[in-house]
Every structure is written in structure tokens, then in C-alpha cells.
Amino acid sequence: MKAYPLFIVAMLSSVLSGCFTASESDHSSAPEAGTAQNIPTASKVNPVASGYSFGTVVDITDDTTINPVPYIPPQCYTDPVSDQGIQNPCYACHTESKRPNYLNDTDVQTAYNFPETGLKNNWDNLFKDRTEAIAKVSDQEILSYVRQDNYFSDNGGIILSAKLANPPAEWDRNQNGQWDGYIPDAYFSFNAQGFDISPAGEYTGWRVFAYYPFLGTFMPTNGSTDDVMIRLPEAFRKNSDGQFDPVTYAVNLAIVEALIKEKDIPITAVDENAYGVDLDKNGVLSIAQHVKYDWMPKENRLMSYVGKAKALQEQGIVHLAARLYPEGTEFLHTVRYLDVADGKVKMAKRMKEVRYSKKNSWRNYYQLRGIVDDEIKERHDFPSRTKVALGDMESGLTVAQGWTYQGFIEDDAGQLRPQTYEETYFCTGCHGYIGSSNDTTISFARKFDHGSFRDGWYHWLEKGLEGIADPLREDGRGEYAYYLEHNPTGNEFRDNEEVLNKFFNSDRSPKVQEFSKLSQDISHLLLPGAERALMLNKAYQVVVKEQSYRLGRDAVIKPVTTVHKTVEAEQDTGIKDILSYY
């Protein structure tokens, strides 16, 4: 296997998207409001997984890639031009950005700006016909498969945690006898406020949130369901006395939300005197019912965290700025199959992937602009140079903005294993140099606002997408309707005929009634029909059995004919009109 330089940055968006209703048989139950689980007692111990198995264990520790540019996803090779006109899926990722993301990469909409080694499309799974393999799998077989739990063992322990406590030599890159990366510790058992509670009755620090799925590939109609959790560092969960306090933690999360969204965030009434922080900026310490976004350092308009985090902020140990997370912030993202029950598509129990990220160090605005300036200069001076990401499969890969990304994916028996260097390198492509990202992420900026169910702090197990209105863009147009207007198939590959036929007539004129339904219920677009869901599950399972992720991990049923197998340097995409994600 040929080795290539380690990689630091990447081109495409975060991804995190997809919403759904959970399978009724899902292990991850959500406690009802007011139950005893809302008040952890720590009277039990967390179970250790037992009775689990491995698939074929092979050495996955090499810092090598066969594809020299795995950070360029297959969607970027799409030919947007057809005899029906021009689609533009590129704007969802590549757009005029907002500070402190200074990339403004609209040029990617109009040209294939790839290095020389990226001119060949290496995602060969796009061009394989899976129909014969799919036909051998019955609907009941695939439903049985996706309903199996590959995260928890029968006794409720986390399988990956048990495996990584004593990792096989084939996973131990530095051969020190221990796993040096992230060890899964979320139990998917959420109280009424969205906080994850362990079997021992303890807060794990993870808090789940609902969000508008990102446009394109990760909408469930294109193959996967997802959920996302956020966790702030331990100091953000403690009051000024150093004691864990869920109210203090909730306030700090609201402050982070205000900073990321640059808007006021309502909160449950709290006494500001307990924190010594004027949260609502009314000039006095009193009862606050919202966090006021008011951050303009040049005008001495500042904001503060509360509790122990406030003390660390005053010491310069943790930092605060608009559209940036504090150092130590973590995200956990699971990608899952599609379940079907009573004709409705739901979130499956089986996980395709577990994705983890952590912000290890702070970058101020000046440093972030410098990172982009260096990137632009390198693209100009060394257009054939591939990007570099520091790290390895055990500790994760770190991008220039200070975040480390790590992932776990199904082995050939359907059990989760660590990703290889190349497989993780693919993931960094969604968390680096794209105009629509926010501190290399996207999902939390798309979190549902106050006034939605549980103010957006809930898991899709509790409430699915049904009845959620199409969010409005800054120009006042429905976001998903706008995407369909420019991408009638609802995906980058121009091959989701189910969406096309649902929303458009044969002459590509819109079906007004269907768009009217979408305006009030985004599930009308985002959830596929039962037949399509099962076909997509079967197609992805073929990739799992082959372990051919490096050739592409999209659920492809028939060969994709709308992507280029090769492109020329700076070749025009055919797109003429620049669109904005915002």
C-alpha cells in the first residue's frame, strides 16, 4: 500500500444531518419528564458489556491511503448539467461564509478546484451495480439486521467500551496495550431536559438536541438517519463551588447557543446573583429569563460563562467569542440505518457509524483568518499539493482549526470497529474548509429554537420530524423548498427519482400542493418511502460485507451515471449562477 503525507485540512461540510422517528424496539429509551431518572442517584454501577463478538479482525493501524485525496467526497465529482438544465447542490457547502470562517469558497460552485491527484474519481463504489446482491436479501432479513443493537450488549453495557478497554493488537497502533482515543460513554437515556443519564444514575455530560438536517446526502431520504449530542468541559457543568449543577450547565449551554447563533436564547428563570453575571444585560443582577447576545469587544460589550467556567474564563484558561465553541467542547454523532414499521420510516437501532469530535485548542479570529490565508496561498502556489492532517487512527485526526475527529464503523459482521486512517481522513473532509461550516461544525447552529418541543433539547426517539415547518432562509424563502428548486431530486447525484416524482411533474414544473405540504412538514421531503428505505439499507449492507468503505460509503443501488470519472484541472462545472447557503 502506498503511503501518502498525513492530512490537516479538508474541503467539505459537516455533516450531520438526518431526522426520524425511532424504532419502537430501540434500546435507547427516553425517560418521561418527572421520572426518578431526572434526578440521578448513582446507586448503581454501569454494566460492562459481555457476550459480544468481533468480525474479522485485521490490522487497521497503518497511516496510509490508497486514495490520495479521501477528503474530497464523491458528491464533489457530480456533473450538475443534464438535458433538464443545471442543478446546483454545491452551494449547501461552498458559499459566502460568516466570520470567523473567512473562506468564502463560492469558486467551488463553478469549477472543480482539485489537486492533480484528485482529478481521477477514486470512489469506485459509485459505479457498481448492486441490484443482484440486493435481490438476494429479503425485506424481513434486512429489517431483522437493522433492528439488531450493535452498540449495547444484552446486559446494557457499551460494546465498544469493553472492546477498547483491552484492544486487539490489530487496533493498538502504538502497541502500548491501551486505546488512546475516544472510548464511547453515552447511554442514549435522556431525561426531560435532554441530558444523558448512565445506568448508575449519573450525568454523562452529553446533551442531545434536535436540528434541521443538513441539505443533501445526509437527509434520510438518501440513506441514513442520525442523531447528535454536545458536551461541554467539566468546568462548565460545575457551579462556583466546584459542584456539579445541571442548572449551571444548562445556562452555559444556552450561552454557547447564543454565541453560535448570535441571538438571544430564552432560559428557565434563574437568579443572576448566584452567578455574578448579568445574563439578560438589563444592568442589574436579578431574575433572568433569557441570555442576551451582546458581544462587541471593541465597544467593551462582553459576555461571560457562569460557575466554574467563569473563573477559568477570567484566568484566560477558557475563551469566549461569537460563532466559536470553548475549547474542550465535544460532539457525538451516530449514523444509523432506516427502520420501517407500519409503513413509516423510522430510526433504526443498528449504527453504521459513531463519530466523535473534540475541540482541543483555541484559535482566535486572527489565527483563523491566517489559516484561511495560508490555504488560499497554497491553492494558488501549489495547486497540485494534497492536504495534510495530523494524527492517526487511534488518537484521531486533527484539523488546523484545533478540532480532532475520530470514527467507528461496522466491520464485516456488523460490529463497530475503529476506522482506519483513510476512513477517518474521509470524515475530516466534512469539517474543514467549507463556507457553510461554523467552527468546523454545522449541526448545533441548526438546532431547533426555543418554543419547539422541549426547546430543541430532545432525541428523535421522543419526537420525529413530522409537523416541523420548513425553516426560512435569510431571504425569507423555505430552506428545503429552495434546495429542491435548484436540486429537484433532493440530492447531489441527481438520482433520487422518488423525490423528483413527488415534487415535480414530468416537465419539471413544481407540484404546488406537494410544496405546500413541505412548508408545514419537512418529513414530507426528508423521509423516504418504505420500499426505497429497505433498498438503501440493502445496498449499504453490501459495502459493509465487502469492507470497501475506501471506495465509497454511499448507498448505491445502480451505477451512478451523473458523476465524472475524471475531470480536468479547473474544469468548469457548468454552474453559472452563484447561490448562497444563507
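A nonpolar core is a set of buried Ala, Val, Leu, Ile, Met, Phe, Trp, Tyr and Cys residues joined through side-chain atoms within 4.5 Å. Buried means under 20% relative accessible area, exposed means over 50%, and partly exposed lies in between (1.4 Å probe, protein chains only).

This is a predicted model: local features need pLDDT of at least 70, side-chain atom pairs count only at pLDDT 80 or more, and totals for chains, interfaces and linings use all residues. Residues are numbered from 1 along each chain as its sequence is written, and side-chain values use heavy atoms, with hydrogens and water left out.

**View 1. The largest nonpolar core has 84 residues.** Ile230, Ile255, Leu279, Tyr305, Phe444 and Leu525 touch the most other members. Helix α5 (residues 246-261) gives the largest share of this core, nine residues. Helices (H or I, at least four residues) and strands (E, at least two) are DSSP runs, numbered from the N terminus. A second, separate core has 23 residues, including Leu160, Ala186, Phe188 and Met229. In soluble globular proteins, nonpolar side chains tend to be buried together.

**View 2. What does Ile230 touch?** Contact means heavy atoms within 4.5 Å. Leaving out residues up to four places away in sequence, Ile230 touches partners including Trp206, Phe209, Tyr249, Leu253, Phe444 and Trp457. Gly205, Arg207 and Glu330 are also among them.

**View 3. Tyr581 and Tyr582 form an aromatic pair.** Rings of Phe, Tyr and Trp (its six-membered ring) pair if their centres lie within 6.5 Å; planes under 30 degrees apart count as stacked, over 60 as edge-to-face and the rest as tilted. By this rule there are 42 aromatic pairs. The ring centres of Tyr581 and Tyr582 are 4.8 Å apart and the planes meet at 70°, so the pair is edge-to-face. Both residues, Tyr581 and Tyr582, are buried.

**View 4. Charged side chains sit over the rings of Phe188 and Trp457.** The rule asks for NZ of Lys or CZ of Arg within 6 Å of the ring centre and within 35 degrees of the ring normal. Arg336 lies over the face of Phe188, 5.2 Å from the ring centre. The charged end of Lys447 is 4.6 Å from the centre of the Trp457 ring.

**View 5. Helix α9 (residues 479-486) is largely enclosed by the rest of the structure, because six of its eight residues are buried.** Those buried are Glu479, Tyr480, Tyr482, Tyr483, Leu484 and His486. Their cover includes β2 (85-86), α10 (497-503), α11 (512-520) and α12 (523-526).

View 6. Helix α7 covers residues 365-381. The C-alpha atoms of Ile376 and Leu103 are 8.4 Å apart, although 273 residues separate the two along the chain.

**View 7. Ser357 lies in strand β9 (residues 344-359).** Ser357 is buried, at 4% relative accessible area. Not counting residues up to four places away in sequence, Ser357 touches Thr329, Glu330, Phe331, Trp403, Thr404 and Tyr405.

**View 8. Glu423 belongs to helix α8 (residues 421-428).** Glu423 is buried, with a relative accessible area of 7%. Its contacts, leaving aside neighbours within four places in sequence, are Ile409, Arg417, Pro418, Tyr549 and Arg553.
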